[in-house]
Amino acid sequence: METVLITGANRGLGLEFVRQYNAAGWRVFACCREPTGAAARDLNMLAGTSGRRVTVHRLDVANHAQVDQLALSLKREAIDVLINNAGVQGPNEDFGKTDYKRFAQTLAINVLAPMKVAEAFAGHLAASRRKVLATISSRMGSIGLTTGDTAIAYRTSKAAANMVAKNLAGLLGPLGITVLALSPGWVKTDMGGANAPLDVPTSVAAVRAIVARATAAESGKFFHYDGTDLPW
Ligand SMILES: NC(=O)c1ccc[n+]([C@@H]2O[C@H](COP(=O)([O-])OP(=O)(O)OC[C@H]3O[C@@H](n4cnc5c(N)ncnc54)[C@H](OP(=O)(O)O)[C@@H]3O)[C@@H](O)[C@H]2O)c1
């Protein structure tokens with residue numbers, strides 16, 4: 001049975017990744033910050049009806065000790081696909097009023113965490129058949145496409161997350177691991193808001209399709225959910 005680990009799995013895109021991989025018969029390690037709280041109710045209900053294929057694990061991706069602990073507790077597991085999905089939008093104040101504490105927290109979650117998770121789980125991926133590490137990035141992280149002047153913390157974090165992914169592709173290539181940076185499009189979630197044009201199942205199905213067909217030739221690339229290449 002194929003196995004996927006998903007961070008930020010209690011709501012939004014992460015929860016839908018759990019739903020779709022579960023429906024496809026995969027084993028799912030669904031990670032979230034508060035597995036016992038109300039925020040994980042839907043995830044726990046899904047896990048409860050999955051015939052134990054979906055298991056829920058505590059993981060605050062900014063807590064590196066917790067990342068190491070989870071990697072250790074899953075050390076005998078081969079993980080075919082790992083999705084670095086957890087993310088935050090970060091602060092968006094007017095120029096001159098930047099909240100640097102929240103800016104740094106945004107970088108810790110959107111940039112450092114995917115790197116830390118990759119370091120902790122490279123062995124689990126290398127032991128699997130598919131060996132795909134995907135970071136959910138954003139078109140807003142494309143420096144080439146950026147013309148705006150908003151969301152500098154978020155844009156910067158996703159541009160840096162792309163650089164992490166690009167470097168990981170080189171570092172993990174010798175282990176046979178394919179590393180992707182994937183933009184899910186603008187999606188109706190808590191983060192994307194109600195005006196987003198894409199619904200969650202459509203975005204997640206499209207991202208899963210890219211992951212499913214990924215080979216070493218695609219490693220180190222930045223794809224939009226529709227499969228087109230995005231400029232860095
Ligand atoms: N929606 C869009 O239009 C869009 C567009 C481009 C990219 N993305 C990216 O897609 C990913 C998922 O976004 P979404 O739209 O599903 O957002 P969302 O609805 O706001 O969900 C974010 C998820 O990340 C989790 N998370 C945040 N900080 C975390 C931490 N320190 N440790 C573990 N989990 C943490 C949240 O958990 P809690 O419930 O505990 O807060 C939640 O499960 C993000 O990386 C986002 O940047 C989204």
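In this predicted model, helix 4 brings Phe 103, Thr 106, Leu 107, Asn 110, Val 111, Pro 114, Met 115, Ala 118 and Ala 122 to a contact with helix 5, where they meet Ala 153, Tyr 154, Ser 157, Lys 158, Ala 160, Ala 161, Val 164, Leu 168 and Leu 172. Sorted by class, this contact of helix 4 with helix 5 holds 14 nonpolar, 3 polar and 1 charged residues. The two helices, of which helix 5 covers residues 152-172, pack at an angle of about 15°, and because angles under 35 degrees count as roughly parallel, helix 4 and helix 5 are described as roughly parallel to each other. Their crossing is right-handed.

Helix 4, which spans residues 100-126, also packs with helix 3, which spans residues 64-73. Here the angle is about 25°, which makes helix 3 roughly parallel to helix 4, and helix 3 passes helix 4 in a right-handed crossing. On the side of helix 3 the contact is made by His 64, Val 67, Asp 68 and Ala 71, while helix 4 supplies Lys 116, Val 117, Ala 120 and Phe 121. By class, the contact of helix 3 with helix 4 consists of 5 nonpolar, 1 polar and 2 charged residues.

A further pair is formed by helix 1 and helix 6, the latter being residues 200-213, and their axes cross at roughly 65° in a right-handed crossing. From helix 1, the residues Gly 12, Leu 13, Glu 16, Phe 17 and Gln 20 meet Val 200, Pro 201, Ser 203, Val 204, Ala 205 and Arg 208 of helix 6. The residues of this contact divide into 6 nonpolar, 3 polar and 2 charged.

The table sets out the geometry of these pairs.

| Helix pair | Angle | Axis separation |
|---|---|---|
| Helix 3 and helix 4 | about 25° | 9 Å apart |
| Helix 4 and helix 5 | about 15° | 8 Å apart |
| Helix 1 and helix 6 | roughly 65° | within 9 Å |

In total 31 residues surround the ligand, and the closest are Gly 8, Gly 12, Gly 87, Thr 189 and Gly 192. Gly 12, one of these closest residues, is also among the residues of helix 1 that meet helix 6. The shell around the ligand is made up, by class, of 15 nonpolar, 11 polar and 5 charged residues.

Turning to the protein as a whole, there are 6 helices and 7 strands, and reading along the sequence gives the pattern β-α-β-α-β-α-β-α-β-α-β-α-β. Taken along the principal axes, the C-alpha atoms fill a box of roughly 50 × 40 × 35 Å. How does the radius of gyration fit what a compact globule of 232 residues would have, and what is its value? Such a globule would have a radius of gyration near 17 Å, and the protein has 17 Å, which agrees.

Technical notes: Residues numbered from 1 in each chain as written. Predicted model: local features only at pLDDT ≥ 70, side-chain atom pairs only at ≥ 80, totals over all residues. Axes fitted to C-alpha atoms, helices over the stretch in contact; angles between N-to-C directions. Helix = DSSP H or I, 4+ residues; strand = E, 2+ residues; numbered from the N terminus. Parallel < 35°, antiparallel > 145°, perpendicular 65-115°, else oblique. Left-handed = near helix turned anticlockwise from the far one by under 90°. Contact = placed C-beta atoms within 7 Å. Nonpolar A, V, L, I, M, F, W, Y, C, P; charged D, E, K, R; others polar. Near = placed C-beta within 6 Å. Rg over C-alpha atoms; globule rule 2.2 N^0.38 Å.
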